Amino acid sequence: MPSGMGLLSLVIWLPIAVGLLVLVLGEGRAAVGRWISLLGSLATFLACIPLFTRFDGSTAAMQFVERRPWITSFHSDYYLGIDGIAMPLILLTSFMTVLVVIAGWTVIEKRVAQYFAAFLIMEGLMIGVFSALDALLFYVFWEAMLIPMFIIIGVWGGPRRVYATIKFFLYTFLGSVFMLVALIYMYLQSGTYEIAAFQALPLGMTTQILIFFAFLLAFAVKVPMVPVHTWLPDAHVEAPTGGSVILAAIMLKMGGYGFLRFSLPITPDASRELDWLIITLSLVAVVYIGFVALVQQDMKKLIAYSSIAHMGFVTLGAFIAFDIYANTGALKGAAMGIEGSMVQMISHGLISGALFLCVGVMYDRVHSREISAYGGVINTMPKFAALMVLFALANSGLPGTSGFVGEFLVIVASFKANFWYAVLAGTTLVLGASYTLWLVKRVIFGPVANANVAALQDLNYREFIVLGVLAIAVLVLGVWPASLLDSMQGTVQHLVQQLMISKLGH
Amino acid sequence: MNSAPVNLVPAYAELFVLGMACLILLIDLFLSDRRRWITATLTLATLAGAAVITTYVSGVSERVTAFNGMFVADPMGDVLKLFLYLIVGVSLIYARSYLAKRDLFRGEYYVLTLFAMLGIMVIISGNSLLTIYLGVELQALSLYAMVAFNRESGIAAEAAMKYFVLGAIASGTLLYGISIIYGVTGTFALDGVAQALADSSANDIGLLFGVAFIVVGVAFKFGAVPFHMWIPDVYHGAPTSVTLFLGSAPKLAAFAFAIRVLAEGLAATGTAWTEMLTVLSVLSMALGNVVAIAQSNLKRMLAYSTISHVGFILLGILSGTTRGYQAAMFYTLTYVIMAVGSFGMILLLSRKGFEADQLDDFKGLNARSPWFAAVMMMLMFSTAGVPPFIGFFAKLYVILAVLDRGMVWLAAVAVFFSVIGAFYYIRIVKLMYFDDPQDTSPIEADRSLRFMLSVNGLAVLVLGLAPGLLFNLVTQSCCSTNLLAHILP
């Protein structure tokens, strides 16, 4: 596809270049820097649209491929390309970054230029993660992304920001380095860093299991899965609103992406052997973390735990494929779980991002995240209340919103795997609704609780645009999920076929 | 033995540096303090001249020996020497205003630096145990004097004394090891040693004894645990500009020392020294990284960080493969670039009567100077091994070499300790970015220091984005074929 040449490079390097420009302009010209950031992020989003419109969903082949030598002595290439798994995530990344830039417009008061620059640089790096087809390049983007996030939480975060950000950094760093060892091992086996070559590499069972655990450590920390999830509530609570949004909407998805791109296709036999582990941890996340979310006093913490529970669906959907295939012998059924987990990732990105933005809107006015500091917000902020209720319903999986599609697909698929998986996964319908709606009841409805709430101003134009656009996205995806499902069809089918072919027999 | 006509060409650079060092010492006697810049400029000119000679006159594309095989020139040596000139030049540029503000801006500083450099060059080119010993002593004696350069400072005198006493013990140990090797093989020449060991059985207990003593000498020069005791005190006590020099250039010497003696001369005893280095390496990574966390003085913290990096360099060497040696060389070059930059940051923030060597002196640097905070951030992330900076590729290369030998557990240990190490590097970033400044005075450093430091910081990033540049340099120069094939006929 010669016409697509360079498009991925453009959407990676454009935001980084704009971010650096904003840094060079400095704090003295932060007002200009803000506009440049907005234009830069908008331009990146617009440049991402052809990735969607010109995407061919029927094939599993990589599209918009770019390849040139990078480190010749390591046989590592600057190799980019996207398939149906990566494309929606890239679109989500560029979309959310625009919203984060708008949301931080007047809220950020110190070191404004550095704030916007950090988000733009991070955007480029995150798109790089999703589009790298060379494992070394992938790893470079994957780790480099930690640096701006570390700074964002640490500089603009809440009172315990230093603890939270160092915990965040060390957790994710520890998770990643063992993946690096696994990647180098496979490089030594195959003589190239190409991810596709890793997928085709025959590996013995013991090796596969070791590699599987190395990957699991990296991706489980990112997702995050129980029991390595404890960094997330800390990081979310202390991060500034924009940081929470990117963390929830994009960074967690990298864990899910990693499972689909690395763990499953590279170590299919170990994944089949150990799928019970992932399924158990996923169900624990759904059920146990759902209960944990129920008792939270802090709104951000509640949404953070809700994120962990929802991400449990992503890992569940990905790893029930083996059981479904064993029970039904149909690849189509197995594909359903993976499709569900993809939809869940995109949908959760939109919904959790929106909920964090809602909390941010209230926090900017009252400077408290405690649920008990609110009550009866609907009386003073009707527009805001309407939107927040919509997002809350979407979070609890209301049909017609995107939250329904992902959960529905995964639950239906898990019925085919094992009745009890479905029962346990189904508890989310009750639990998710309980903690989300109870949150809404206490914060939004009821009589005006105190003078702070009585003095609230409703959404301004800027906030309304951000939340409104998200609401539209949530509804569109809920009503017309085929737009997303069609584009990933070819890729998911291919992935499922890959999974069912053992690597041991080679 | 008929002595062939002496071929001096491979040693022109050493001879030039020697001549210039003597000349500068003489010229400096006749200069008033106001004219001291002439000494500094002449020293830099010497480095440039040596670089030209090494590149164009005595540069070699394959191994050449001189002085009856006592001296060797090869592409690896040339690359190391060119790097050495660069690092020495940068360290002198960094040092200048620091020295001037402390009445240390004297000719002897430059002459001692040149002699230390000459010692390192002799080590790099040594092809006989005695030549190498000569270089080690020349370098060490110059460094003892440099550490004590500030006569007024009690702590510097103490550091120099410790360094001298421990250094003397290490030299004695090394010499003892050399004498045993001589006793076993009957020669000092590394070619001869390799030859003799290849012919006989390498399991002679006396030989292993000698190897152990030599490994101790190498470990002391590197500062590997448990021979690291001098490092924190000397780094801390020495004037920061000396610490900068001490923390960078001698690592090149130590690397060359290890390659020449262990990998070339004692290759036949590889199994023995591999085991010894494994222990040293794991201990260094563990102790260096853990103890660095407890430091509140940046110079001490960087000293322990050095120890942990030495563990990584040893990992490359102990792999015992071409790839391993290349990885170790790459790591050494990379580490030297990062160390020079990190100590340079201390010099940048120092003022008259104020050493910015406490961690707290870096608080809120982002508010005082966003650019230099960014430079320090890049240096710290690079040293921690976070991509896209060059330090990551150094670690990657070493881990690759270790995995290539099937030592998976060593690779796992190495990455585990590098995660522990990441903590104290990101703590510096935390101080610079998240805390408010305690000290709001403007940065006083002169323009050349600012410029060089900026280049240094950018180099860490640019080399990280295009690591192929440095990789090619290393793979083309270092150990491109089996080392023994060079030596054995």
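## Surroundings of A:Ala293

Beyond its neighbours within four places in sequence, A:Ala293 is in contact with A:Leu302, A:Tyr305, A:Ser306, A:Ala309 and A:Tyr435 (contact: C-beta atoms, placed from the backbone, within 7 Å). This is a predicted model, in which local features need pLDDT of at least 70, side-chain atom pairs count only at pLDDT 80 or more, and totals for chains, interfaces and linings use all residues. Residues are numbered from 1 along each chain as its sequence is written, and chains are lettered from A and ligands numbered from 1 in the order in which they are written.

A:Ala293 belongs to helix α13 (residues 275–294) of chain A; helices are DSSP runs of H or I with at least four residues, numbered from the N terminus. A:Ala293 counts as buried because 25 other C-beta atoms lie within 10 Å, the cut-off being 20 or more. Its C-alpha atom is separated by 8.9 Å from that of A:Thr436, 143 residues apart along the chain.

## Nonpolar cores

A nonpolar core is a set of buried Ala, Val, Leu, Ile, Met, Phe, Trp, Tyr and Cys residues joined through C-beta atoms within 7 Å. The largest has 404 residues, and those with the most contacts inside it include A:Val181, B:Leu84 and B:Met376. Helix α13 (residues 322–349) of chain B supplies the largest share of this core, 19 residues.

## Contact between chains A and B

Chain A gives 27 residues to the contact and chain B gives 25 residues. On the side of chain A that touches chain B, α7(A) gives the most, with 14 residues.

Note on methods:
Contact = placed C-beta atoms within 7 Å. Helix = DSSP H or I, 4+ residues; strand = E, 2+ residues; numbered from the N terminus. Buried ≥ 20, exposed ≤ 12 C-beta atoms within 10 Å, placed from the backbone.
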